[in-house]
Amino acid sequence: MASPQPSQTKRIATVLRKVFGMAALRDGQRRVIESVLAGRDTLAVMPTGSGKSLCYQLPAHLLDGATLVVSPLISLMKDQAEKLEEGGIASAAQVNSSLSRGDELAALAAIGRAEKEVIFCTPERMVTPEFLALLKRSGISLVVIDEAHCISQWGHDFRPAYLEIGAALDALGNPQLLALTATATDEVIADIGRQLGRPRMAVINTGIYRPNLHYRVRQVTNPDEQYAAALQLVRDSDGVGIVYAATVKAAEEMHELLRQAGESATIYHGKLRAGRDGLDAECTLVYYHADKRLQQYFLIKHYPSADELKAVYEAAVALGRASFTEAELKPLLEQTPAGQLKICLKMLKDGKLLKRNRKLAYVLSGGSPKAADFQRMAQLYVDKHERDRQGLDQMVAYAQSGCCRWELLLDYFGDCPPDFARCCRCDNCLSPPSIQDSPQRIEAAPPAGGCTSTPATPPATTVRPTRPSPAGFR
Ligand SMILES: [Zn+2]
């Protein structure tokens, strides 16, 4: 990357000091901000807590047009918008389902008058034609996609609206893009670029290694043991903590258990409305994290078959219209759930049987597809299902391994430098398991005594072009 102009560096430093009251940027933040201000489409892979929001807030302050921030979590959006306004950093509007009708209309009117510098919305809102028309009037110069890994294949199962962000960017006239994510394998990075139609995005990956994170795995054999172990950990820990659960049901059960044990606990998950997210919890927050739900989806998800794809395509042909929307197609496919229909439409578009016009309506591409074409498209999903299953296997292998937990994680994310031996802080480093005869496969532990009091050196941060590569525990 070319060095920024000295005037640019000075401009950044001045805004940082005067507007944000900060003396210096972290290295990763600086490189992302410089990339954005140099006009590049950028994908920043930065761990949670490394100051990702500043990476768009500072450019938003300097850019002429408005910045659109697309975020899947309403509570975080609310928090960010309020901080920007209260801190006098930028005028901000948020548009989401937690607003009253009056507040929503006021926000939309302000956006239409181009009065807001930063606009927060959910992916579902972003992709509606009416909102896109409003955004066009507002003059968007930068689009920020938070939790960008949801755009990758995982998004197909999770929030179908993420599938449509690429088309929405087209409709907005392809403004500059900043995608943010905490962790992404090379495969996911390549997929994000592909899905957004920006395969050449500058990728700034600050590395995932954090020496202050100490990983431990506790083996349990049933949910009761799992809850008891979690409760014990809460009792043994001081201060505020977060318990992540794999399902809403598990989060609710854990929450109840903690309350009964006299702990100050509150609960947040995707089915609760924003405002009830209990961010003022004193001790323990049971939090249902978006990503964790995906693992559950992987196990139960019904992937569209070639027959379903064919049915959706034939229904589209039967409409006999020049263009049509998903809502117009739906009555012909009463048996097909809305999410499944979105997935089928996306696959037919990726398979070039459908395309989208400027108003985001679907249009037939012409030609007469053969059964093999549908089969080929469905096979892509079968392959994805297999990759998802492998992901689960990798999780099990991680839990059962006797190797350094950090080494396994760094290796999975392709971020392990050749000289990284072990973290000297995880359970396996601190008390290496002995090799034993067991029906379960336990990998050989590293020789004991290799760790000194000095923790491993964090890997250097990297800037690299997008490149696909196989990911997994190697
Ligand atoms: Zn370790």
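**Group meeting: cores, strands and helix pairs**

Okay, let's start in the middle. The largest nonpolar core has 64 residues, and those touching the most other members are Leu68, Val144, Ile145, Ile165, Leu178 and Ala179. Its largest share, 5 residues, comes from strand S5. By nonpolar core I mean a set of buried Ala, Val, Leu, Ile, Met, Phe, Trp, Tyr and Cys residues joined through C-beta atoms within 7 Å. Buried means that 20 or more other C-beta atoms lie within 10 Å of the residue's own; 12 or fewer is exposed, in between is partly exposed, and C-beta atoms are placed from the backbone. Another core lies apart from that one, with 16 residues, among them Val312, Ile343, Leu345 and Met347.

Quick housekeeping. This is a predicted model, where local features need pLDDT of at least 70 and side-chain atom pairs count only at pLDDT 80 or more, while totals for chains, interfaces and linings use all residues. Numbering runs from 1 along each chain as its sequence is written.

Leaving out residues up to four places away in sequence, Ile165 touches Val70, Pro123, Met126, Val127, Ile145, Ile151 and Leu196. Touching, or contact, means C-beta atoms, placed from the backbone, within 7 Å.

Now the strands. Helices (H or I, at least four residues) and strands (E, at least two) are DSSP runs, numbered from the N terminus. Take S6, residues 176–181: 5 of its 6 residues are buried, so the rest of the structure largely encloses this strand. Who are its partners? Strand S5, residues 140–145, runs parallel to S6 and is joined to it by 4 bridges, with Val143 opposite Leu177. Strand S1, residues 42–45, also pairs with S6 in the parallel sense, over 4 bridges, and there Val45 stands opposite Thr181. For pairing, DSSP has to find at least two bridges between the strands.

S1 also pairs with S7, residues 202–205, again in the parallel sense and over 4 bridges; Ala44 faces Ile204 there. And S1 is covered on both faces, with Thr42 and Ala44 buried on one side and Leu43 and Val45 buried on the other.

On to helix pairs. The axes of H5 (residues 101–112) and H7 (residues 129–138) come within 8 Å and cross at roughly 40°. These two helices are therefore oblique to each other. Axes here are lines fitted to C-alpha atoms, for helices over the stretch in contact, with angles from 0 to 180 degrees between N-to-C directions. Under 35 degrees counts as roughly parallel, over 145 as roughly antiparallel, 65 to 115 as roughly perpendicular, and the rest as oblique. Leu108, Ile111 and Gly112 of H5 meet Leu134, Arg137 and Ser138 of H7.

The other pair is H14 (residues 306–319) with H16 (residues 338–350): axes within 10 Å, crossing at roughly 85°. That makes H14 roughly perpendicular to H16. H14 brings Glu308, Leu309, Val312 and Tyr313, and H16 brings Leu341, Cys344, Leu345, Met347 and Leu348.

Last one, H18, residues 405–412. The buried ones are Arg405, Trp406, Glu407, Leu408, Leu409, Leu410 and Tyr412. After H18 comes Gly414, with a positive phi near 65°.

Terms used
Two residues are in contact if their C-beta atoms, placed from the backbone, lie within 7 Å.
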